[in-house]
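Please open the structure in a viewer and keep the sequence at hand.

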Amino acid sequence: MRQTLVFDADDTLWENNVLFERVITDYLDWLAHPTLDRLALRAVLDDVERANVGLHGYGTASFLRSLRDCFERLTDRPATPAEAERITGLAVALVNHEVELMPGVADALGELGTRHDLLLLTKGQPDEQQRKIDASGLAGHFRSVHIVVEKRAATYRELIRQHDLSPDRSWMIGNSPASDIRPAREVGMGAVFIPHAYTWSLEHDELDPDDGGILHLRRFPELLEHF
């Protein structure tokens, strides 16, 4: 039976958060706070990021703002021009980095597209996300591409309405319990959870281990065994 498969992008189709984690590692090394250890510094940064995401959304620009705001919170002063330049320099790699596909993604999408309808649903800053989609070379696999501010249950309801989908024949595939799996299940869609070692901490959430509507896989190509 032909089904609709809706794919997350970052850390599902291509590497993403590992790039941010590399920047954070360099940032914490550079901070070298006199009293707080790395765990405590990361907790402050997570708190700042959580607030900024609510106000400014996702993406490199919001992340860079968080690095600057975190510096000000920890030092009780604005960054000097030299310090601000250093912080900006840490994030340059995020803007210029080439898209690195997950192993087997392109071939698996090509085969899945012969059997099912494929959609792409990703959240973030539109220009930045579109750049990654274009650079990935994967856009042609999808019947439609949707870049949204946030992925909540209402987002999935709108996707169902817009494409006249049957939730019981539609699946959301992604690495984020908070954005991909839980809200899709709330609206009656199936969900495929493919965990990633570097999933952003703010995307973590508890999943019901007894929920038969969630398929747990280890790697992207395993989708071919189920769809």
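The stops below concern the nonpolar cores, the aromatic rings and the salt bridges.

This is a predicted model, in which local features need pLDDT of at least 70, side-chain atom pairs count only at pLDDT 80 or more, and totals for chains, interfaces and linings use all residues. Residues are numbered from 1 along each chain as its sequence is written, and side-chain values use heavy atoms, with hydrogens and water left out.

**The cores**

Select Phe7, Leu13, Leu109, Val192, Phe220 and Leu223, the residues with the most contacts inside the largest nonpolar core, which has 24 residues. Such a core is a set of buried Ala, Val, Leu, Ile, Met, Phe, Trp, Tyr and Cys residues joined through side-chain atoms within 4.5 Å. Buried means under 20% relative accessible area, exposed over 50%, and partly exposed in between (1.4 Å probe, protein chains only). At least two residues of this core come from each of strand 1 (4–7), helix 5 (105–112), strand 2 (117–123) and strand 4 (170–174). Helix 5 gives the largest share, four residues. Helices (H or I, at least four residues) and strands (E, at least two) are DSSP runs, numbered from the N terminus.

Next, select Tyr27, Cys70, Leu74 and Ala91, which are included in a second, separate core of 22 residues.

**The rings**

The whole structure holds six aromatic pairs. Rings of Phe, Tyr and Trp (its six-membered ring) pair if their centres lie within 6.5 Å; planes under 30 degrees apart count as stacked, over 60 as edge-to-face and the rest as tilted. Select Phe7 and Phe220: their ring centres are 5.7 Å apart and their planes stand at 35 degrees, so the pair is tilted. Phe7 belongs to strand 1 and Phe220 to the segment after strand 6 (214–216), 213 residues apart.

**The salt bridges**

There are 19 salt bridges, each a side-chain nitrogen of Lys or Arg within 4 Å of a carboxyl oxygen of Asp or Glu. Select Asp10 and Lys132, whose closest N and O atoms are 3.0 Å apart. Asp10 lies in the loop between strand 1 and helix 1 (17–31) and Lys132 in helix 6 (residues 126–136), so this pair ties together parts 122 residues apart in sequence. Both Asp10 and Lys132 are buried.

Move to Arg161 and Glu158, joined by a salt bridge of 2.6 Å, N to O. Arg161 is exposed, at 56% relative accessible area, while Glu158 is partly exposed at 34%.
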